[in-house]
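Here are my notes after going through the model, for you to read with the viewer open.

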Amino acid sequence: MTTGQTRSQLFVEIEHLACGRGENVLVRDLSLRLEAGNGLLLRGPNGSGKSTLLLTLAGLLPPISGKIGFPGHDAETGPVLHYCGHRNGIRPRLTVAETLSFWAAINGAYGLTTAEALAKVGLAKAAKLDAGYLSAGQQRRLALARLLVSPRPLWLLDEPTAALDTQGHELVAGLIAEHLAQGGLAIIATHDDIAVPSLSTLTLGGTA
Amino acid sequence: MSGFLATLRRELRLSMSGSGEILTLLLFFIITGALVPFAVGPDKELLARIAPGIVWIAAFLSMLIGLEKLFRPDRDDGTLALYRLADLPLSAIIAAKVIAHWLTSALPLIIASPFLALILAMDVPTFWRTILSLLLGTPALAAFGTFGAAITVAIRRGGLLAPILIAPLCVPVLIFGVGAIAPMGGPDQASAALLFLAALSLISVSLSPFAAALAVDWGEE
């Protein structure tokens, strides 16, 4: 797979990053380098800036200072990252399958097919259901399926296990492990234990 | 292209599927127009003279109704953030939204305009010119509306702000829209007004997706 080759050289490089909301600086002078195949767990109390850091890395918030780079990323292969936040982007009145094929259509359907991805996250039986009827945990599973239909090297996950049951926790750990094994990268903000062996941990909010 | 069509299909499905949005729009359009004869009195000549203006005002006001649902629900459920990270450029997604907005909030009005023409005692040639001027002019209203909605999406309770912002932009559309129906100085002026209307629509429809995409990006940051 050609994308696999480019991935194996990809880094996430953060230099002296400060980010926050408006005047409120939450993360100061953060520098790190994450190599392909590695994951990073963000930990810290509520309000310590985990989500803000993920939003900044995703490019959805501008950094206050510092630089974020993805050396080794070939822009020709599409966007470098997936962001999976608290809000799942799921709209009632569209079915589960429609929702997922819509994301596949605008993000590029070069990964699993819609049916395969739904089966993988345990929503195969719900495919024809109105997405508005899904429980919070099922909506989370549908949001994760979005990452599978359009592979991108870097996953930014904000509390991916929120609202999920025990099998859901295992599912998330399995997906992340598989993603890293294929040379992907992941940065995950969480309060839960995610049972993936090769994850390093960054704790935020000690000094903030 | 498939992503663009998928966005268009999604917007249309969300507007069509059973919430009565289009019916509300149509009733608003017809009622706005139908109230005017009561307000100005049953003077048939006067009505026929101001009918083009009434149709355009009713269309303009009705199209404002749909603005709130263009970006606000997407922002609230996190879809807008995902649009900004999509493989498809945000401007292409917004272009699909402009088209969907026109199809769901302008086309129904044009189809319903015979009712209004009847109520306002329009003659047949004027009616056909009205349809033509609405067809050529409403895309500009849809484009300006989308732009206004994109600017105000980051503002909480910005619902009424978008109409106020875009009203000045829509003034030329109203002037030439009515000018194309009720020429003051002979038929030549009407065709000039139609051409101008078409130009306004072409320019605004082609530029608004880019302007709106910029507005969304800046607004969210």
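Axes here are lines fitted to C-alpha atoms, for helices over the stretch in contact, and angles run from 0 to 180 degrees between N-to-C directions. Keep in mind that this is a predicted model.

1. Let's begin with a helix pair in chain B. The axes of α3(B), residues 44–65, and α7(B), residues 107–119, come within 11 Å and cross at roughly 140 degrees. Since angles over 145 degrees would count as roughly antiparallel and 65 to 115 as roughly perpendicular, α3(B) is therefore oblique to α7(B). As for handedness, the crossing of α3(B) and α7(B) is right-handed.

2. Which residues in α3(B) meet α7(B)? On the α3(B) side you'll find Val55(B), Ala58(B), Ala59(B) and Ser62(B), and they meet Leu109(B), Ser113(B) and Leu116(B) in α7(B). By type, the residues of this contact split into five nonpolar and two polar, with no charged ones.

3. Next, have a look at Leu26(B), which sits in helix α2(B), residues 21–40. Is Leu26(B) buried or partly exposed? Burial takes 20 or more C-beta neighbours within 10 Å; Leu26(B) has 17 inside 10 Å, so it counts as partly exposed. Leaving aside residues up to four places away in sequence, Leu26(B) touches Pro108(B) and Ala112(B).

4. Strand β1(A), residues 11–21, runs antiparallel to β4(A), and four bridges join them. In that pairing, Ile14(A) stands opposite Ile68(A) of β4(A).

5. Last, the contact between the chains. It takes 21 residues from chain B and 20 residues from chain A. On the chain B side, α1(B), residues 2–16, and α5(B), residues 79–84, each supply at least two residues. Which of the elements gives the most to that side? The answer is α1(B), with seven residues. The side of chain B that touches chain A divides into eight nonpolar, six polar and seven charged residues.

Notes
Residues are numbered from 1 along each chain as its sequence is written. Chains are lettered from A and ligands numbered from 1 in the order in which they are written. This is a predicted model: local features need pLDDT of at least 70, side-chain atom pairs count only at pLDDT 80 or more; totals for chains, interfaces and linings use all residues. Two residues are in contact if their C-beta atoms, placed from the backbone, lie within 7 Å. Ala, Val, Leu, Ile, Met, Phe, Trp, Tyr, Cys and Pro count as nonpolar, Asp, Glu, Lys and Arg as charged, and the others, Gly among them, as polar. A residue is buried if 20 or more other C-beta atoms lie within 10 Å of its own, exposed if 12 or fewer, and partly exposed in between; C-beta atoms are placed from the backbone. Angles under 35 degrees count as roughly parallel, over 145 as roughly antiparallel, 65 to 115 as roughly perpendicular and the rest as oblique. A crossing is left-handed if the near helix is turned anticlockwise from the far one by less than a right angle, and right-handed if clockwise. Two strands pair if DSSP finds at least two bridges between them.
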